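Student: I have a protein chain open on my screen. Can we go through it by question and answer?

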Amino acid sequence: MKIPDSAALKASSAPQKKKPLYRSLFFQILIAVVAGVLIGHFWPNIGSTLRPLGDGFIQLIKMIIAPLIFLVIVTGISAVGDVKAVGRVGVKALLYFTAATLFALVFGLVVGNIVQPGAGLNIDPATLSQDAVDAKTGHAVPKDAAAFLLDVIPTSVIGAFANNSLLQVLFFSVFFGAAIVVIGRQRCMPVISLMETVLELIFKIMSWIMKVAPVGAFGAMAFIIGQYGLDTLGTYALLIAACYGAAVVFIGLLFAVAWGFARVPLWQFLKYTREEFLLALGTASTEAVMPRIMTKLTNAGCSRATTGLVVPTGYSFNLDGAAIYLSISLLFLAQAFGHHLDLGQQLAALGVLLLTSKGMAGVPGSSFLALSATAAALGIFPVAGVALLLGADRLMDSMRVVVNLLGNCVATFVVAKWEGQFDRGVMVRAFRGEITNEDSAIMLGKEEVYEEQELERLSEGQEPSPKFRGGPTADNIPQFEMSRPGQRQETPISPD
């Protein structure tokens, strides 16, 4: 992308027409979600058949997630140019994830003890069947800590990309980026230039995919309501109220953490990312918005390296919403079978849940696996009792999605600030609606807006915006060009 010269300033200074409401992605997704709820409720048979629309959209997103993470992390690490800094980011992220998950689990247990959502149900274990749980989880068994850690290491790099194993892709990406730093940025400049060009292509593809996001949200919401209905709300009213109430309080705590550690006004951030959060709600998937939320975070002042490391890792290690749901559901099931857990049993359950809740992102029936493993380890209630949650599980998706996504965004801000890779001034510009770097403009489909903003900045004597946050300006990264046979073109390499 090239910024026009200053001669075009006068022509570009004319007032811009406000975009019509119907062209707003937020408005389109909102209408799609409402329409999906109405179709699913009044015509459930039709709603149940619309699942392919939601699944198709999520598959389009998954198509580019693995290469996106690889390219973002590698180019981000190469721009930082410090392997030790990358290691510090990883350690700080894991420390934050562990503390946040532990707090979410403890908070859920406190809420479960106060509300007592399963008290008085008096379920007879003889009426339960394990078949329903097996069908939900695909007969999978939870991995122990050693197996989980070994699974992070890919046996084949190609297999990691083919299977969309995000932790394995991230693991290889860190090694690849570190190798570029050790060998030297100048020597690896042709590779970096090629990666930057490919990443621009990925960003452009993503901007096209987002145009059909309302269709995906419509299909997913129609299916959920049509398949499970709104009547289930009454059956699990107390459990649902406990989980959603706990989520609201926890989000309030995230507001305090974001402001206290990084001076980020989370309400403005939610307004800034409203399209992504509404899409995540509509599709009941945080993966559907991973590329966009990473772009919004880098546009809001977090470096590409920090965002690329924290967000994908957080999708497996920082599931705050799932942690709240697991601890409340554990007490719900114990109370439903007439068991009162003492402090020792609850602490033991806390330890098991802390282990089984890690790495569950993308695993079918992950919450059922974690609860089944806890039930089997502690013998509190029959493992088949987890089937009691089948009716309520999908109704908890909205709570889990919002808290998980917001928790990972706060983690990115905190770790970036902790590592000195967060620019609050840029965040303020982003919250005002500005595009603060070239790559974000491509991903968000706002190249023309970015060019106009850059032209105005340059006319005011300000420094040009970087190609990506935490990286060089576009002029410092030569464009990768293919030459015709018989011709030789040398790409100039600018000094660091």
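Student: Where is the place of S156?
Tutor: Start with how to read the model: it is predicted, local features need pLDDT of at least 70, side-chain atom pairs count only at pLDDT 80 or more, and totals for chains, interfaces and linings use all residues. Residues are numbered from 1 along each chain as its sequence is written, and side-chain values use heavy atoms, with hydrogens and water left out. Helices are DSSP runs (H or I, at least four residues), strands likewise (E, at least two), numbered from the N terminus. S156 sits in the loop between α7 (145-152) and α8 (157-162).

Student: How far apart are the C-alpha atoms of S156 and F172?
Tutor: Along the chain, S156 and F172 are 16 residues apart.

Student: Is S329 buried or exposed?
Tutor: S329 lies in helix α18 (residues 320-336). Its relative accessibility is 0%. So S329 counts as buried.

Student: Leaving aside neighbours within four places in sequence, which residues is S329 in contact with?
Tutor: Contact means heavy atoms within 4.5 Å. With the neighbours within four places in sequence set aside, S329 touches L371 and L389.

Student: How many aromatic pairs are there?
Tutor: Rings of Phe, Tyr and Trp (its six-membered ring) pair if their centres lie within 6.5 Å; planes under 30 degrees apart are stacked, over 60 edge-to-face, and the rest tilted. By this rule the count is 14.

Student: Is the pair F103 and F107 stacked or tilted?
Tutor: The ring centres of F103 and F107 are 6.2 Å apart. Their planes meet at 10 degrees, so this pair is stacked.

Student: Which helix holds F103 and F107?
Tutor: F103 is partly exposed at 43% relative accessibility, while F107 is buried at 16%. The two are four residues apart, about one turn of the helix. Both lie in helix α5 (residues 83-115).

Student: Is the pair F269 and Y272 stacked or tilted?
Tutor: The ring centres of F269 and Y272 are 6.2 Å apart. Their planes are at 50 degrees, so the pair is tilted.

Student: Which residue lies over the face of Y272?
Tutor: A charge sits over a ring if NZ of Lys or CZ of Arg is within 6 Å of the ring centre and within 35 degrees of the ring normal. Here the distance to the ring centre is 4.9 Å. The residue is K296.

Student: Over which ring does the charged end of R274 sit?
Tutor: The charged end of R274 is 5.6 Å from the ring centre. The ring belongs to F26.

Student: How many helices and strands are in the protein chain?
Tutor: Of the 496 residues of the protein chain, 52% count as buried. The chain has 25 helices and zero strands.

Conventions:
Buried < 20%, exposed > 50% of the residue type's maximum accessible area, 1.4 Å probe, protein only.
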